[in-house]
Amino acid sequence: LSIVIFLLNLIFLLVIGFFGALIVNRERHHHKLQYVYKDLVVRDYLTGLYNHRHFQETLKVYLSGTCKTEMALVLADIDNFKSINDTHGHVNGDKVLMKIGEILQHSIPSSLGNAFRYGGEEFAIIFQTADNEKIIPCLEKVYKELREVQFTSENGSFSVTMSFGLFSNQQGISNQVDIVRRAVKLLYKAKHNGKNQGIFDCGTVIRG
């Protein structure tokens with residue numbers, strides 16, 4: 001009789017363990033799916049960069065009163081992108097966007113900041129530092145990789161350049177619209193001055 005009771009208890013424990021393992025695996029799978037879905041919501045489907053919505057949320061955190069910290073905002077634009085689409089087609093235009101997304105991911109260490117697709121051919125970088133000695137090498141790496149890339153289409157080969165405008169928020173500005181406006185102004189200045197360059201609010205200029 002004792003052997004029967006022992007075997008029944010053993011079977012009971014095995015059954016409980018089996019269903020317990022199923023529940024644990026199901027929970028792990030559920031949490032993994034939640035992470036994947038959450039990541040899809042904040043990612044741009046084409047470039048793999050964070051999207052505009054996540055850019056606004058991230059900038060808000062950096063500029064909030066409780067979490068306000070030293071940071072710099074870079075707004076970037078692909079030079080003559082409309083001409084690329086018109087001459088080489090939108091499929092190749094998408095390839096350009098994907099490649100730039102890849103370059104930005106390689107060039108901006110997560111310990112320093114994050115890159116975003118701001119919209120269309122526009123990109124943004126939020127650096128969690130205002131130290132130009134740390135920021136400049138990242139942007140120079142972007143330019144270096146761009147110089148080494150040659151795109152091809154039925155209409156021939158072509159290269160791509162970008163312009164940057166960087167505003168370091170050392171003044172502690174807390175208004176998102178204001179800080180974006182200042183970075184945009186510097187980006188427009190880079191465009192006006194001949195493109196393929198980055199202009200900093202301190203007057204520093206880097207060229208592609």
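Biologist: In which sense do strand 1 and strand 6 pair, and over how many bridges?

Modeller: Please note that the model is predicted. In general, the strands of a sheet pair through backbone hydrogen bonds, either parallel or antiparallel. Here, strand 1 (residues 72–78) and strand 6 (residues 162–168) pair in the antiparallel sense over seven bridges. One example is Leu73, whose bridge partner in strand 6 is Phe167.

Biologist: What is the order of the strands in the open sheet?

Modeller: The six strands follow the order 2-3-1-6-7-8, and their pairing is mixed. Strand 2 (113–119) and strand 8 (205–207) are at the edges with a single partner strand each, so one side of each has no neighbour in the sheet. On average, neighbouring strands of this sheet are turned by 15° against each other, direction ignored.

Biologist: Which strands does helix 5 touch?

Modeller: Helix 5 (residues 132–147) packs on the sheet and touches strand 1, strand 3 (122–127), strand 6, strand 7 (197–200) and strand 8. The direction of helix 5 makes about 170° with that of strand 6.

Biologist: At what angle do the axes of helix 3 and helix 4 cross?

Modeller: The axes of helix 3 (residues 81–88) and helix 4 (residues 90–107) cross at roughly 135° and come within 7 Å. Helix 3 is therefore oblique to helix 4.

Biologist: Which residues meet there?

Modeller: From helix 3, Phe81, Ile84, Asn85 and His88 meet His90, Asn92, Gly93, Val96 and Leu97 of helix 4. By class, this contact has four nonpolar, five polar and no charged residues.

How values were computed:
Residues are numbered from 1 along each chain as its sequence is written. This is a predicted model: local features need pLDDT of at least 70, side-chain atom pairs count only at pLDDT 80 or more; totals for chains, interfaces and linings use all residues. Side-chain values use heavy atoms; hydrogens and water are left out. Axes are lines fitted to C-alpha atoms, for helices over the stretch in contact, and angles run from 0 to 180 degrees between N-to-C directions. Helices (H or I, at least four residues) and strands (E, at least two) are DSSP runs, numbered from the N terminus. Angles under 35 degrees count as roughly parallel, over 145 as roughly antiparallel, 65 to 115 as roughly perpendicular and the rest as oblique. Contact means heavy atoms within 4.5 Å. Ala, Val, Leu, Ile, Met, Phe, Trp, Tyr, Cys and Pro count as nonpolar, Asp, Glu, Lys and Arg as charged, and the others, Gly among them, as polar. Two strands pair if DSSP finds at least two bridges between them.
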